[in-house]
Amino acid sequence: MKANVVKLHSQTFHSHHQGPWLVYLHGLLGTGEDWLPLVHTCDQYPSLIIDLPGHGGSTDITITGGFAEMDELLGMALSEYQINDYWLIGYSLGGRIAMYHAVYGQHDGLKGLLVEGGNPGLFSQGDRKARLQKDHHWAHRFRHEKIASVLDDWYQQPVFDGLTVRQCEQLVHLRSQNKGNCIADMLENTSLGCQPWLVPDLLQLTIPFAYLCGEKDTKFQEIAKQYALPLKTIPKVGHNAHYGAPVAFSAAVNHFLSLCG
């Protein structure tokens, strides 16, 4: 399907409020509804949650044009709801899409960027090639194995060390509702190996930008420090900070938004 004939499934909240919108982008395997706790604690802002291609209500949408096509779909969603002033809040894959939009998208109305555990890119061609191979491997598993068994291994990756056993079990149960082939398609088309190196442009942004990261997420703490990204740490939690510590995460977001008007 092409971007000019499809629409991402989206929902609005608190749309009677004036001012910039908060536009939420979830991570791989999630849905827009993952953000509902934050939407409800940031209820003074109009909000839009979006299901990415292959996820939730957008399950039947497949992209083949990588980040450029994904950004076009995002732009269509903003236009559909006549959202001209907005902040982007993205987790993991959603954070990478948000950063790409901030650098390459048509974003005259973008007022600020909040990224949770999103990788700004890989500098070397060798690293990108290795990541593509890794993602192709996972995609093959998602296409050909029972999704619950793949997810059991997925959440054993070091980046998820901050999750408790119980949280891992809950996520496997929740994410098993996904269709493996749809996840595989999105994983390959938005692989970190296909993503541009965004760091130099991110450091030149003139809009407010916060890079949110769980205290126990050592990988992304190091990325933030290595590239001098504007790090804001969420205490006592790992990679999926908004899931592991929703109250602390919401407080950090509300505080940052209040400082930026």
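Helix axes here are lines fitted to C-alpha atoms over the stretch in contact, and the angles between N-to-C directions run from 0 to 180 degrees. Helices (H or I, at least four residues) and strands (E, at least two) are DSSP runs, numbered from the N terminus. The model is predicted, so local features need pLDDT of at least 70 and side-chain atom pairs count only at pLDDT 80 or more, while totals for chains, interfaces and linings use all residues. Residues are numbered from 1 along each chain as its sequence is written, and side-chain values use heavy atoms, with hydrogens and water left out.

## Helix α4 and its two partners

Let us begin with helix α4 (residues 125-144) and helix α7 (residues 180-189). Their axes come within 7 Å and cross at roughly 165 degrees. Angles under 35 degrees count as roughly parallel, over 145 as roughly antiparallel, 65 to 115 as roughly perpendicular and the rest as oblique. The pair α4 and α7 is therefore roughly antiparallel.

A crossing is called left-handed if the near helix is turned anticlockwise from the far one by less than a right angle, and right-handed if clockwise. For α4 and α7 the crossing is left-handed. On the α4 side, the contact (heavy atoms within 4.5 Å) is made by Asp 135, His 136, Trp 138, Ala 139, Phe 142 and Arg 143. From α7 come Gly 180, Asn 181, Ile 183, Ala 184, Asp 185, Leu 187 and Glu 188. Sorted by class, this contact has 6 nonpolar, 3 polar and 4 charged residues. In this sorting, Ala, Val, Leu, Ile, Met, Phe, Trp, Tyr, Cys and Pro count as nonpolar, Asp, Glu, Lys and Arg as charged, and the others, Gly among them, as polar.

Helix α4 also meets helix α5 (residues 147-154), where the axes come within 8 Å and cross at roughly 150 degrees. That makes α4 and α5 roughly antiparallel, and α4 passes α5 in a right-handed crossing. Trp 138, Arg 141 and Phe 142 of α4 take part, together with Ile 147, Ser 149, Val 150, Leu 151, Asp 153 and Trp 154 of α5. The class count for α4 with α5 is 6 nonpolar, 1 polar and 2 charged residues.

## How covered is α7?

How many residues of α7 are buried? The number is 7 of its 10, and α7 is mostly covered. Buried means under 20% relative accessible area, exposed over 50%, and partly exposed in between (1.4 Å probe, protein chains only). The buried residues of α7 are Gly 180, Cys 182, Ile 183, Ala 184, Met 186, Leu 187 and Asn 189. What covers them includes α2 (66-80), α3 (93-104), α4 and α5.

| Residue | Relative accessible area | Class |
|---|---|---|
| His 26 | 1% | buried |
| Leu 29 | 1% | buried |
| Asn 240 | 6% | buried |
| Arg 128 | 23% | partly exposed |
| Ser 176 | 25% | partly exposed |

Arg 128 is found in helix α4. Beyond the residues up to four places away in sequence, Arg 128 touches Leu 122, Phe 123, Gly 193 and Gln 195. Its side chain also reaches the backbone oxygen of Leu 122 at 2.8 Å. This is a polar contact, meaning a pair of N or O atoms within 3.5 Å; within protein, one must be able to donate a hydrogen and the other to accept it, and residues adjacent in sequence count only if both atoms are side-chain atoms.

Ser 176 sits in the loop between α6 (165-175) and α7. A polar atom of the Ser 176 side chain lies 2.5 Å from the backbone oxygen of Val 172. Setting aside neighbours within four places in sequence, Ser 176 is in contact with Ile 147, Ala 148 and Leu 151.

His 26 lies in the loop between β2 (21-25) and α1 (36-41), and Leu 29 is placed in the loop between β2 and α1. A polar atom of the His 26 side chain is 2.9 Å from the backbone nitrogen of Leu 52. Leu 29 has a positive phi of about 80 degrees although it is not a glycine.

Finally, Asn 240 is found in the loop between β7 (231-234) and α10 (241-244). Leaving aside neighbours within four places in sequence, Asn 240 is in contact with Tyr 91 and Glu 116.
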